[in-house]
Amino acid sequence: MLGSCVTHIFLIKAAELAVPIDALEVDVQAEYDPRAQQPGDGDIPVYPHNFTYEVLIDSPASDEELAHLHAEVERVCPILNLIRNPQPVSGTVVRTRAGAPLV
């Protein structure tokens with residue numbers, strides 16, 4: 001999800017800023033320990049963490065143009081910013097079978 005969002009925003013911002021891109025690839029890494037699912041391992045996060053990403057780009061643009069493009073991507077990428085600035089999330093369960101009681 002993060003990789004596709006970063007890729008998408010790179011392409012959008014490159015078009016807006018007239019930065020030519022011949023090829024683009026984004027590689028995302030994160031840590032996840034499956035032991036977190038086991039009872040008694042409360043100190044292990046149950047979610048991916050320590051995200052990193054690397055952008056492989058083929059472009060005739062200058063280093064300054066690419067740095068500006070990267071800064072713009074980091075400024076506006078919604079998934080990247082959601083990971084950096086977590087938001088509260090609430091959920092509900094809605095029974096869809098007609099006539100069934102709600103719990």
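No disulfides, defined as pairs of cysteine sulfur atoms within 2.5 Å, are present in the structure. The structure is a predicted model, in which local features require pLDDT of at least 70 and side-chain atom pairs count only at pLDDT 80 or more, whereas totals for chains, interfaces and linings use all residues. Residues are numbered from 1 along each chain as its sequence is written, and side-chain values use heavy atoms, with hydrogens and water left out. The cysteine sulfur closest to that of cysteine 5 belongs to cysteine 77, at 3.3 Å, which is too far for a bond. Cysteine 5 is buried at 11% relative accessible area, and cysteine 77 is buried at 0% (buried, under 20% relative accessible area; exposed, over 50%; partly exposed in between; 1.4 Å probe, protein chains only).

Helices (H or I, at least four residues) and strands (E, at least two) are DSSP runs numbered from the N terminus. Beyond four places in sequence, leucine 69 contacts (heavy atoms within 4.5 Å) Phe10, Lys13, Ala14, Leu17, Val19 and Ile21.

Histidine 49 is located in strand 2 (residues 49–58) and is buried, with a relative accessible area of 19%. Apart from neighbours within four places in sequence, histidine 49 contacts Ala30 and Glu31.
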